[in-house]
Amino acid sequence: MFKYVVRRLLYTIPILFGVTLLTFLLFHIAGGDPAAQAAGKHASAEEIALLKAQLGLDRPLHQQYFFYLQQIATFDFGRSWATKQNISSMFKAGLGPTLSLTLPAFFLAVLITISLALILAHLRGSWVDRLSLVLCLAMMSISFLVYILAGQYFLAYQFSLFPISGWDPDPILRWTYLALPILIAVVVSIGPDTLFFRTVFLDEISQDYVRTARAKGLAEGRILFKHVLRNALIPIITIVVIRMPFLVMGSLLLEAFFGIPGLGGIMFQAIQNSDFPVIKAMTFIGALLYMFFQLFSDILYAAVDPKIQLR
Amino acid sequence: MIFCRRLLTFALGLSFVFGHLSCTRRVSDQDGTINTVVSANIKGLDPIFSSDVYTNAVVAQIYEPLLTYHYLKRPLTLQPLLAAEMPKVSEDGLTHTFKIKKGIQFQDNPAFPGGKGRELVAEDFIYSWKRLADPRNQSDGFWVFDGRIKGLNEWREAVLKEEADYDTPIAGLVAKDPYTLEIQLTRPYYQLHYVLAMTYTAPVPREAVERYKEEFINNPVGTGPYRFDSWVRNSRVTLVKNPNWREEFYPSEGEPEDRARGLLEDAGQALPFAERIVFHEIIEDQPRWLNFMRGNLDFVDIPKDNFESAVVGDSLSPQLAEKGIFLQVSTEPDVTYTAFNMKDPILGQNVNLRKAISLAYDTETLIERFYNGRAIVAHSPIPPGVDGYDPGFRNPYKEYNLEKAKEYLAKAGFPEGQGLPELEFSTISSPTARQMAEYFQQNMAQLGIRVRISSSSWPQFTNKIREGQAQIYGIAWLGDYPDAENFLQLLYGGNVSPGPNGSNFQNEEFDRLYERASRLPAGPERTRLYQQMRDIVVAQAPWVPGAHRQSYYVAHGWLKNFKRNSMIQDYFKYLRVDPKKRAELKAKL
């Protein structure tokens, strides 16, 4: 297992190298002229050229890329070209709000949808199951934006159950503002996730070992929670762990509508402004997290399924 | 039934918990706090980086330049702010002498000995303007002085070569004494007074810049009526009244109708009124509007999607009026336009083709469809409220006239559009911009002109214009100051791509007039030159002028002295909230 982890960690180096190279090239092809952006609407050709030189954008591409690698190695991404703010500070300021929103929403959604899926799998073929399927499909068909607009208008404005938008850095008071976006994030995931987990559980329920357990007279609850759930963990882990990096990268729409000062908004602004230092930092961190969680899911596979050995 | 009851109890419980918590946060309801909104994130709090209007909305309350605009008078009139009086200008227009008010204090800050702010002196302006010019700071505001002040550009170059520093004197910036600042120009530049009303030119204390270095952007120290209190990044900035601010009073004169509108009730009262201003950063329209309707914001620009429910005809809807809300309309000093790239071999050489396109473009319908009617048709680059604007002027190629357009198209050598290759219209990839491009495409199709739309991100779009690659494109310009020069420079030959003249229009006569006008003070002669330039632009049609947009603001009845104009940025000191009335009106919301 140790050797496997070390090998996987070594694999991340060329992958990260590839991600950084791709980001770098894409930005230089499609990112516009950041110096012209930063120089402002009145800038003359000379001013743009001067700024280009100061930002290092007049250097050969390989030198610019090498500088990017240097920043990665030192974890010092410098300052944003658009806001002049320290990127590490921007990241630190945005991480807390993002995780406050995404983590509870994610775990609540997983808990609720797995429970619902187990119940539906148990009730398969009944009218409850059929009605739930229709409801889940209907929920999936509605755009995320509609949930946000309707939730904010009715629950926050019309019924005054929640604040309309805002944020409080206080670790307790922030939940006032987070409650509604978390609720919406959970509701949005009910449709697709319940359907997915239900399918996973139905696959397991049709296995021979379930029939044997039933023949032995085991209680249905015990079969579902002890055996089916455990054996269905591999696909569940896959979908759950793959989503984890996105928890860090934030939920742009929820952040924008509910005024949560998270990382999603920072990334969006950076793209809008051709703010390459921020884009570089966020892309790199995103890729790193993605690979970390991939490795984490592989380790979890081995933990939950004794047939899997990490070599 | 039991379930319903439980649900109701749960809902009431939620409402109590969250409602109660949010009320405890809103202590501001009890005092005269102003709750305002910016629709983009604030970038930082340094005047040399105050180019975007949202950031400037905050920075302009903390920092003050030499001059400002009178709050109530229209057209906009400059008046002294940190200056003791309007500057004395030498006969040749090259020397501008400012007397600075005595006793102006910088806000208290640990950067000063004992934490007590010191007095502002003339040297602070020189230091601050060097800072604006310093290329290492990468400010996008240097254009205000670029090539204008004797020795400043040379100092800038020397700094780059490390041959000069902040102690190196500049010939054109001299502190005659602590309260007298003399500015010597390279050539007459009467717009200098306007740029000295811009936040870029506000003085900063050297001690604070040197103490905080790059973090000065988050530790502002100005002379303004409000000082920085806190910033929850990307959420809200709070400013509090500066206890050391000098004595200044609410104006006692304005436009004739200002008295009837209650805008002179506070005449002669000491400023500022509000103890605290909270700038909420709310990017999306719906939460901004709902927060206003709940009374969490004191005023707001009506979002496009809420316009029809808020405004009926030209008045506020009765439902909003009942709640004590009032409406204020302000025509912005801006112009939207469709530009032709004059370097393009098809469009650049064919004035009749450009005129045909102009005649076939139905701007009135565009205004109805895309701006909810919140704009007036632009007949030239010069917007209302700006010297050189003539409300009676009509551009003969701006009337929507398909027959005439077809005649011009035939004169251009493309009858019914035959023989004319497909043209490319560049725009940004937002849904509205795309729809506007499609509207242009449909208008041209009526004339037999085929148009291909090219959408890209804002950086790519501006890059395309700067590189002279955009054949036709739609864009807007919001004025920096109320002078036609700021709009006509978009067509000056010296500013062609990658400068702000993205249409690459070059006309010797226009350039000659522009250069002559730029050496003249405001007056009939300069206005005449502006109008001659306008006529050249109309005759040559490098643009199809679009619209001058209007802002429709709604404010709650508890907000007093509200009179918006986007050029006036330091207006929060004039605003007053009546907490008693707020409590009363909020109950109706």
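Angles between axes under 35 degrees count as roughly parallel, over 145 as roughly antiparallel, 65 to 115 as roughly perpendicular and the rest as oblique. The views below come from a predicted model, where local features need pLDDT of at least 70, side-chain atom pairs count only at pLDDT 80 or more, and totals for chains, interfaces and linings use all residues. Residues are numbered from 1 along each chain as its sequence is written, chains are lettered from A and ligands numbered from 1 in the order in which they are written, and side-chain values use heavy atoms, with hydrogens and water left out.

**View 1. Helices α8 and α10 of chain A crossing.** Here α8(A) (residues 174–205) meets α10(A) (residues 220–231), with axes that come within 9 Å and cross at roughly 110°. That angle is why the pair counts as roughly perpendicular. On the α8(A) side, look for Phe201(A), Glu204(A) and Ile205(A); α10(A) brings Leu224(A), Val228(A), Leu229(A) and Asn231(A) to the contact (heavy atoms within 4.5 Å). Sorted by type, these residues give 5 nonpolar, 1 polar and 1 charged. Helices here are DSSP runs of H or I with at least four residues, strands are E runs of at least two, and both are numbered from the N terminus.

**View 2. Helix α17 of chain B and its cover.** With 17 residues (524–540), α17(B) reaches 24 Å from first C-alpha to last, close to the 24 Å expected at 1.5 Å a residue. Its buried residues include Leu529(B), Tyr530(B), Met533(B) and Val537(B), where buried means under 20% relative accessible area, exposed over 50%, and partly exposed in between (1.4 Å probe, protein chains only). Among the elements covering the buried residues are α10 (351–359) and α16 (508–517) of chain B. Just past the helix, Ala541(B) takes a positive phi of about 50°.

**View 3. His379 of chain B in its loop.** His379(B) sits between β16 (375–377) and α12 (402–411) of chain B, and counts as buried because its relative accessibility is 16%. A polar atom of its side chain lies 3.0 Å from the backbone nitrogen of Asn395(B). Leaving aside neighbours within four places in sequence, the contacts of His379(B) include Phe393(B), Lys398(B), Pro545(B) and Val538(B); Val538(B) is also one of the buried residues of α17(B).

**View 4. Asn218 of chain B reaching chain A.** Asn218(B) is in the loop between α6 (206–212) and β8 (226–232) of chain B. At 10% relative accessibility, Asn218(B) is buried. Not counting residues up to four places away in sequence, Asn218(B) touches Gln85(A), Phe228(B), Trp231(B) and Arg233(B).

Conventions:
Axes fitted to C-alpha atoms, helices over the stretch in contact; angles between N-to-C directions. Nonpolar A, V, L, I, M, F, W, Y, C, P; charged D, E, K, R; others polar. Expected span 1.5 Å × (residues − 1). Polar contact = N/O pair within 3.5 Å; in protein donor to acceptor, adjacent residues only side chain to side chain.
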